[in-house]
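Have the sequence and the 3D view ready as you read.

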Amino acid sequence: MGQTLYQKLKKLHEVRQFDDGSSLILIDRIMLHERTGSVALSNMLSENRNIAAPKTVFSTIDHIVDTKPGRPDISRMPGGMVFIDEMHRVSKAFGIRLYGADDDRQGIVHVIAPEQGIALPGITIVCPDSHTCTLGAMGALAWGIGSTDCEHALATRTLRIPQFKQMRIRLTGKKPKWLTSKDVVINLISRFGADFATGFVIEFAGSVVEEMEIEERLTLCNMGVEFAAFTAIIAPDHKTIEYARGRPFAPKGEDALIAEAHWASLVSDINASFDVDLEVDVSEIAPMITWGTSPEHAISVDEVLPDQRSDLADVFKYVGLRPHEPIRGQRIDGAFIGSCTNSRLSDLRRAASILKGRKVKSEIRAICAPGSKEVKISAEAEGLDKIFLEAGFEWHEAGCAFCFYAGGETFSPGSRVISSTNRNFEGRQGPGVCTHIASPETVAWSAVNGQISDVREAYE
Amino acid sequence: MKPFTNHIGVALPLLADNLNTDVIIPSREMKRVSKVGLANGLFANIRYSDGNRKPDPEFLLNHPNYHTASILILGRNAGCGSSREHAVWALADYGFRVVLAESFASIFYNNCVANGVLPITLDRSSIEAIADWVRIDPTSHHLSANLEKCTLETVDNSFEFVITPLARRMLLNGLAPIDLTLEDKVLIDCFIAEDMRERQWLYSVSD
Ligand code: SF4
């Protein structure tokens, strides 16, 4: 019997197995951010615990730091400075790297990890943040953890994980040119349900995944957690290897040759078996948008909302929409392009190609927050900032920005916002704010039209 | 950590599906870098009806019958969303010791176990039957969770649940996971020494 990619990654890191089938796994890299990392580190400090390998820990400030143009190093959340100050203090005390608000390597933790070569194929990487599964797109075993597990990983360089079932989702068929990996993953979640992958590691595979660039794959894996998966992974291929090559923390010289040869072997064997093996034809998928308060409440932009059901009553009430109403044409008040799902250079380029020469409807507040300083600098070098600004978008500093609300400034209560983020929970972007998640292209095109719109029109 | 053997208490039958950690504790309620003092922020968005923290009578926990609830009943995909352990800290701080659900998000499940809160998974029809029974008279219809026997009991019914042996052992003994693992320190060090030879490319970059 062959091995799956997941089994290979696990085997490479398995320090020991326990009688109950769980395993102690070596953790190669740990990422932290100020919101939860500060909690884990200060707790360790007060309990007098050591970090086993400080050089393998990388931290940044992304969640509650202000992203207003030319920001000072302050929090946009009232009382939030506690976390930023504490992060600086404890990082220093432990001697770990911290990319603060004024560092050129700063950005959303899941964006800078591949960008800096911290997340590499074949490694294990964890972070006290649920979207760490994003990094599975690099061929890494990456997952989100809580604070206690984070302290455990910091203190012991290991984590204990139970046995997971394995699911492969092969994406096949001819991908229409406007179809994004965001549409695909929203479609999967709405088709199968937000808890479909509970207890599973998902491997995304198939011709459509092979065709995807790394940044599109990062978007795909990012939403693995919205599918309830332990994590998502994609086998590294020549694109992954080229993407990683030469990045600051990627191996160099002779080491790079050895590493790259090793990475190329990290694929599921042909005769490997999965507990669930699905094939999904993407050729029929239309641009997707969420209408409710769970990522599973999603439809094609040209569909109508579902029937009334008892469990949806509160959802309809919150979003202010009725059963059987079309989603297309719903007026919007805000538009946001950013977040660890869709804030990389290719996302901004695609959104800019739609905004170029066009204007956002004047009553809409539209914001773009690049995922990292490096993305921002690159985008500005090719003039994307001007396209966004001329179209009427605000051009922000790097960070999580309006992806989630922690207090402070946001969209006004009751507003309808179209957003390239990953969660449409009640109040996620602010009290009473109704979030519709979609691809950056759909966000841009809807902002131009002042209403939820079918991005296919933009390509006609 | 407080060991968990058994617990009898008032159950709060919310039964919601996809109840996420932002609902359990909104981000703005996580004002400090510590684990305690979070009970006030528990369910803040749905528990209070205005900025003055006036209890919203619509929310079940505010009903006198449920004030002392210590067993939370949810639907599927409980604790999905953000990894914030504050969700479990807030529950524990309020006094919750058991969460019963149809299925759990994996980070939340681990966080429960790490903090002495027992996560119990049962099928939908059992959960609904239990909730219906609780609603008849929440103040006297207490649930009893027994981790030694792995049962959840009403007065006239007993439901067996499955929990991983590791989670069970940690809860029963109130084990701090770090100390448990550090017992294997020699093993870990040997593994790393070997790994450094195998994957020198990884160790050479960050040091
Ligand atoms: S961008 Fe949003 S989802 Fe991603 S890490 Fe930041 S807050 Fe979380």
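## Cavities in the predicted model

The largest cavity has a volume of about 250 Å³. On a 1 Å grid over the protein atoms alone, a cavity is a set of points where a 1.4 Å probe fits but cannot get out, and lining residues have an atom within 4 Å of a point. Points are joined across faces, edges and corners, and a volume is the space filled by probe spheres set on them.

This is a predicted model, in which local features need pLDDT of at least 70 and side-chain atom pairs count only at pLDDT 80 or more, while totals for chains, interfaces and linings use all residues. Residues are numbered from 1 along each chain as its sequence is written, chains are lettered from A and ligands numbered from 1 in the order in which they are written, and side-chain values use heavy atoms, with hydrogens and water left out.

Why does the largest cavity lie between domain 1 and domain 3 of chain A? Domain 1 (5-161 + 237-263) and domain 3 (287-459) both give residues to its lining, so it lies between them; the bounds come from an automatic or database domain assignment.

The second largest cavity draws at least three lining residues from each of domain 2 (165-235 + 269-283) and domain 3 (287-459) of chain A.

| Largest | about 250 Å³ | 24 residues | A:His33, A:His63, A:Asp129, A:Arg428, B:Ser82 |

How values were computed. On a 1 Å grid over the protein atoms alone, a cavity is a set of points where a 1.4 Å probe fits but cannot get out, and a pocket is an open set with protein on both sides within 12 Å along at least five of seven lines; lining residues have an atom within 4 Å of a point.
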